[in-house]
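Please read the report below with the sequence and the 3D view side by side.

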Amino acid sequence: MKKKKYTFCILMCVQDAMKEYLERKERGELAAQKVDFLKHNILRPVNLTVTKDGGLHFGDVVMLVNMGGENGECSALSINADINSLTKIPSPGIQAQCGISAGRGIHPCIRTAFIITSVDGSPEGSTLHFEQSFALKTTSGFARGLYLTSDLQSFQKCAKKSRLQEVNLNDDGCFLSWWKVVQFDPQERIEYEGRPVTANVKVLVIHCKTNQALAVLGDQVLWYFLFFL
């Protein structure tokens, strides 16, 4: 009699688990479904801005590419999202606060595309100059138009692996999201100050508050603003 009772309880548990599984599958809440959904959306191709005069402008859609060292590989500034970064409110997409990394895939897509955004009232389409403050935003829609931000390093707030200054994506376009471009060669920086920034050349991307350069761990800071020419 006891054996039958235990068997009945086990069958009921299996049936409940199967019912819950099917309900979650129908709602798209299974981990495998979330992974597929994330990949499908974040890797969708994006058209980079076609530069007409060789320069960078506010509103341009660009990629930031690190050329690496002598033996290093190219990598692109990328959204570092996982299934825990997803939200359905008000529409499906990633949510703040979201991580940033350098990915080896340098194909223009939702994950690697950023928009040069004015923070000083410069109109869209106007030229970006060396030492001029600007913000970098992800594309709208699935990537939510989040701002690339950073802050001073502290014992409690720093990058997990390197323990250096943390960089992430937030929905607040405050001073923490302000950056500037400086000439790569330090001997020419004063001469280039105020000049238009050229696309597809080596530059340093400096955080305005902390004066630290955007970098990939272990490599030189060799950033390109990449366009399709």
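## Residues in loops and strands

Aspartate 185 counts as partly exposed because its relative accessibility is 26%; buried means under 20% relative accessible area, exposed over 50%, and partly exposed in between, with a 1.4 Å probe and protein chains only. Aspartate 185 lies in the loop between strand 10 (179-183) and helix 3 (189-192). Helices (H or I, at least four residues) and strands (E, at least two) are DSSP runs, numbered from the N terminus.

The model is a predicted one, in which local features need pLDDT of at least 70 and side-chain atom pairs count only at pLDDT 80 or more, while totals for chains, interfaces and linings use all residues. Residues are numbered from 1 along each chain as its sequence is written, and side-chain values use heavy atoms, with hydrogens and water left out.

| Pair | Distance along the chain | C-alpha separation |
|---|---|---|
| Aspartate 185 and leucine 204 | 19 residues | 9.1 Å |
| Valine 65 and glycine 103 | 38 residues | 9.4 Å |
| Alanine 213 and valine 182 | 31 residues | 9.7 Å |

Valine 65 belongs to strand 1 (residues 61-66). With a relative accessible area of 4%, valine 65 is buried. Alanine 213 sits in the loop between strand 11 (203-207) and strand 12 (223-226), and its relative accessible area of 32% makes alanine 213 partly exposed.

Is serine 150 buried or exposed? Serine 150 has a relative accessibility of 4%, so it counts as buried. This residue is part of strand 8. Apart from neighbours within four places in sequence, serine 150 has contacts with Gln165, Glu166, Val167, Leu176, Trp179 and His207; contact means heavy atoms within 4.5 Å.

## Backbone details

Between alanine 96 and glutamine 97 the peptide bond is cis, with omega at about 5°. Glutamine 97 is found in the loop between strand 4 (93-94) and strand 5 (98-103).

Glutamate 131 is not a glycine, yet its phi is positive, at about 75°. The loop that holds glutamate 131 runs between strand 6 (114-118) and strand 7 (134-138). Glutamate 131 is partly exposed, as its relative accessible area is 28%.

Arginine 144 is not a glycine either, and has a positive phi of about 70°. Arginine 144 lies in the loop between strand 7 and strand 8 (147-150). Its relative accessibility is 23%, so arginine 144 counts as partly exposed.

How far apart are the end C-alpha atoms of helix 2? They are 16 Å apart, which agrees with the 16 Å that the twelve residues of helix 2 (residues 31-42) should span at 1.5 Å a residue. The expected span of a helix is 1.5 Å times one less than its number of residues.

Leu38, Asn41 and Ile42 are the buried residues of helix 2. They lie on the same side of helix 2, because they cover an arc of only 85° around the axis; the arc is that of the directions from the helix axis to the C-beta atoms. Strand 2 (75-80) and strand 3 (86-87) are included in what covers these buried residues. The other side of helix 2 has Ala32, Asp36, Lys39 and His40, which are exposed.

The second largest pocket has a volume of about 200 Å³. On a 1 Å grid over the protein atoms alone, a pocket is an open set of points where a 1.4 Å probe fits, with protein on both sides within 12 Å along at least five of seven lines, and lining residues have an atom within 4 Å of a point. Grid points are joined across faces, edges and corners, and a volume is the space filled by probe spheres set on the points.

The lining of the second largest pocket consists of Gly28, Glu29, Gln33, Lys34, Phe37, Ile83, Leu86, Thr87, Lys88 and Pro92. Helix 2 and strand 3 each supply at least two residues of this lining. Helix 2 gives the most, with three residues.

## The whole chain

The chain has three helices and twelve strands. Of its 229 residues, 38% count as buried. Among contacts in the chain with a separation of 6 or more, 66% are between residues 24 or more positions apart.

The average pLDDT of the chain is 83, and 84% of the residues score at least 70; pLDDT is the predictor's confidence in each residue, from 0 to 100. Over residues 219-229 the pLDDT is below 50, and this stretch has 71 contacts in the model beyond near neighbours in sequence.
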